[in-house]
Amino acid sequence: MELTVSTSAGKRYAPMPKAQHWLLGSFLPVRRDLLGFYTRMFYELGDIIRFRGLPGLYWHLVLHPAYVEHVLLRNQHNYRKGKVFDGPIGLITGNGLLTSDGEFWRRQRRLMQPAFHRQALFGFVATMVKETEKFFPDWDARAAQGQAFDIAQDMAALTLRIAGLTLFSTPVSDTADTFGRNLRLAFDFVGLKMRPTLPVPLWVPTPANLRFKAARRRLDTVVYQIIEARRKTPNPPLDLLAMLMAARDEETGSAMSDQQLRDEVITLLLAGHETTAITLTWAVYVLTQEPVVAEQVYDEVSGVLRGASPTADNLKQLPYTRMVIEETMRLYPPAWGLPREAIHDDEIGGYHIPGRTLVALNQFLTHRHPDFWEDPERFDPERFTPARVAARPMFAYFPFGGGQRVCIGSQFALMEATLVLALLVQRYRVRLVPGHPIEFDTVFTLRPKHGVRVIVERRTPQ
Ligand code: HEM
């Protein structure tokens with residue numbers, strides 16, 4: 001494919017793939033393998049690429065860190081999440097923090113921010129540790145028998161339990177194993193809806209629509225039950241739900257309605273549990289491939305903890321473990337792309353961006369950009385030493401997004417992932433089941449398509 005830079009009326013447009021279907025543009029390769037197609041186009045056409053779907057429908061893939069910074073930070077007020085994001089995700093999260101906009105979003109963010117400050121989060125360390133340790137008997141038994149299992153499933157169950165307990169003091173995976181399943185079903189449906197396909201409205205009774213609506217109903221029932229029970233509890237536990245229920249609007253003094261609480265609770269569950277589970281799953285996979293790194297994590301963890309459970313104070317003593325998590329999210333960013341919509345005309349990298357067109361950011365590709373990452377495919381936690389972070393453009397790495405819509409749970413996630421990985425490595429050596437295939441599932445988040453089947457071995461058998 002050749003590079004085509006088009007100009008019209010003095011405007012310069014970004015290069016486009018040359019071989020496009022006369023009617024469907026790039027629709028077919030995008031539908032077949034979005035990440036593969038974007039990767040090829042990045043190497044052929046560079047830092048900003050213009051694509052066409054149906055005639056007259058264009059979007060841009062924007063990969064250079066300076067351009068990402070322009071969209072997420074410097075000119076962020078010209079970019080909203082837009083229909084591609086809000087529409088599908090809003091089907092499940094309603095008007096929660098992830099999808100709301102304008103003054104309403106600003107107010108909700110202000111109300112919720114204090115619950116995510118580091119100090120408030122330290123209160124969750126004990127729960128994170130205890131819930132992880134509950135998996136030990138099971139993992140010990142598997143270790144004793146040399147039995148293989150999918151660590152992705154256990155990580156999903158663990159992070160869902162932690163989310164349930166820290167959010168509303170209820171181990172949701174226990175109340176109904178179906179809660180996790182329904183959440184995943186709804187999640188996958190939303191992911192498919194974000195793809196450029198012919199839209200089928202939710203009222204059409206297709207099997208997929210009906211399954212999604214049933215899952216959403218079941219999730220709602222559980223969440224509303226929890227809210228109702230909480231309203232009747234005289235001394236509620238100090239969890240995130242309590243903080244949300246206690247929050248009052250600065251101007252009107254009003255509290256959140258049940259509907260709003262429901263939207264925020266589902267948002268936090270959806271945004272928080274799967275992303276962290278995937279990070280941990282990829283981190284475990286990486287350690288099975290990088291024995292030297294795995295032993296270095298073990299040396300750090302065993303030196304600091306000396307066999308004990310980690311506390312909040314220990315977190316800052318585990319910089320290498322945290323760097324392993326950060327490097328994992330570089331190569332395997334759970335949120336691997338972010339859509340934005342330009343509100344007014346703009347210019348990025350000297351190219352014209354018309355208002356109301358989609359701008360797609362892509363962590364997966366920017367995180368592997370050869371101009372900013374030496375030997376980008378190599379796993380190297382040392383890339384995240386403070387000196388090397390400071391020497392890089394800020395938006396060469398943005399697993400949590402950036403600007404005013406940056407992830408509210410980033411510290412929560414980093415803390416949880418560091419603690420769980422430390423506990424796991426302290427007790428076990430992990431091997432990948434020989435021949436287990438590793439492929440990407442990019443439906444929504446970046447998951448390992450076939451899970452990650454491992455065999456664990458106790459480090460100090462009792
Ligand atoms: C490794 C784990 C996580 C990753 C990779 C991740 C990633 C992201 C990204 C990329 C965004 C920005 C979306 C955008 O700008 O369009 C975001 C927003 C958000 N995340 Fe996370 N997240 C993680 C964990 C969490 C956790 C643990 C929570 C809550 C407990 C959470 C709650 C949220 C919320 C509520 C937003 C919307 C913030 C707003 O727009 O004001 N996330 N996350």
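The model is predicted: local features need pLDDT of at least 70, side-chain atom pairs count only at pLDDT 80 or more, and totals for chains, interfaces and linings use all residues. Residues are numbered from 1 along each chain as its sequence is written. Helices (H or I, at least four residues) and strands (E, at least two) are DSSP runs numbered from the N terminus.

**Five-stranded sheet**

- Five strands make an open sheet of mixed pairing, in the order β3-β4-β10-β7-β5; two strands pair if DSSP finds at least two bridges between them.
- β3 (48-52) and β5 are the edge strands, each with a single partner strand, so one side of each has no neighbour in the sheet.
- β7 (residues 338-342) and β10 (residues 358-361) are antiparallel and share four bridges; in this pairing E341 has L358 as its bridge partner.
- β5 (residues 79-80) is joined to β7 by two bridges, also in the antiparallel sense, and Y79 has A342 as its partner in β7.
- β4 (residues 58-62) pairs with β10 in the parallel sense over four bridges. L61 is bridged to A360, and V62 stands opposite L361.
- Helix α4 (residues 82-93) packs on this sheet and touches β5, β7 and β10, its direction making about 125 degrees with that of β7.
- The covered face of β7 holds L338, R340 and A342, while P339 and E341 are on the uncovered one.

**Nonpolar core**

- The largest nonpolar core has 121 residues, of which V62, V265, A283, V420 and L421 touch the most other members. Such a core is a set of buried Ala, Val, Leu, Ile, Met, Phe, Trp, Tyr and Cys residues joined through C-beta atoms within 7 Å.
- Helix α14 (residues 258-289) gives the most to this core, with 16 residues.
- Leaving aside neighbours within four places in sequence, V62 is in contact with I48, Y67, V68, V71, I348, V359, A360 and L361. Contact is counted when the C-beta atoms of two residues, placed from the backbone, lie within 7 Å.

**Packing of α9 on α14**

- Two packed helices are described by the angle between their axes and the distance between the axes.
- For helix α9 (residues 151-168) and α14, the axes come within 8 Å and cross at roughly 145 degrees. Axes are lines fitted to C-alpha atoms, for helices over the stretch in contact, and angles run from 0 to 180 degrees between N-to-C directions.
- The crossing of α9 and α14 is right-handed: a crossing is left-handed if the near helix is turned anticlockwise from the far one by less than a right angle, and right-handed if clockwise.
- On the α9 side the contact is made by I151, A152, M155, A156, T159, L160, A163, L167 and F168, and on the α14 side by V265, L268, L269, G272, H273, E274, T276, A277, L280, T281 and V284.
- By class, this contact has 14 nonpolar, five polar and one charged residues. Ala, Val, Leu, Ile, Met, Phe, Trp, Tyr, Cys and Pro count as nonpolar, Asp, Glu, Lys and Arg as charged, and the others, Gly among them, as polar.

**Three-stranded sheet**

- Three strands form an open antiparallel sheet in the order β6-β14-β11, with β6 (149-150) and β11 (428-432) at the edges, each pairing on one side only.
- Five bridges join β11 to β14 (residues 453-458) in the antiparallel sense, and R431 stands opposite I455 in β14.
- Helix α8 (residues 136-145) lies across β6, β11 and β14 and runs at about 90 degrees to β14.

**Loop residues**

- Most residues other than glycine have a negative phi.
- R356, in the loop between β9 (351-353) and β10, has a positive phi of about 65 degrees although it is not a glycine.
- R356 is exposed, with 10 other C-beta atoms within 10 Å. A residue is buried if 20 or more other C-beta atoms lie within 10 Å of its own, exposed if 12 or fewer, and partly exposed in between, with C-beta atoms placed from the backbone.
- D375, in the loop between α17 (363-366) and α18 (386-390), has a positive phi of about 45 degrees and is not a glycine; D375 is exposed, with 8 other C-beta atoms within 10 Å.
- F379 lies in the loop between α17 and α18 and is partly exposed, with 17 other C-beta atoms within 10 Å.
- Not counting residues up to four places away in sequence, F379 touches V286, E290, V293, E327 and L331.
- The C-alpha atoms of F379 and Q289, 90 residues apart along the chain, are separated by 9.6 Å.
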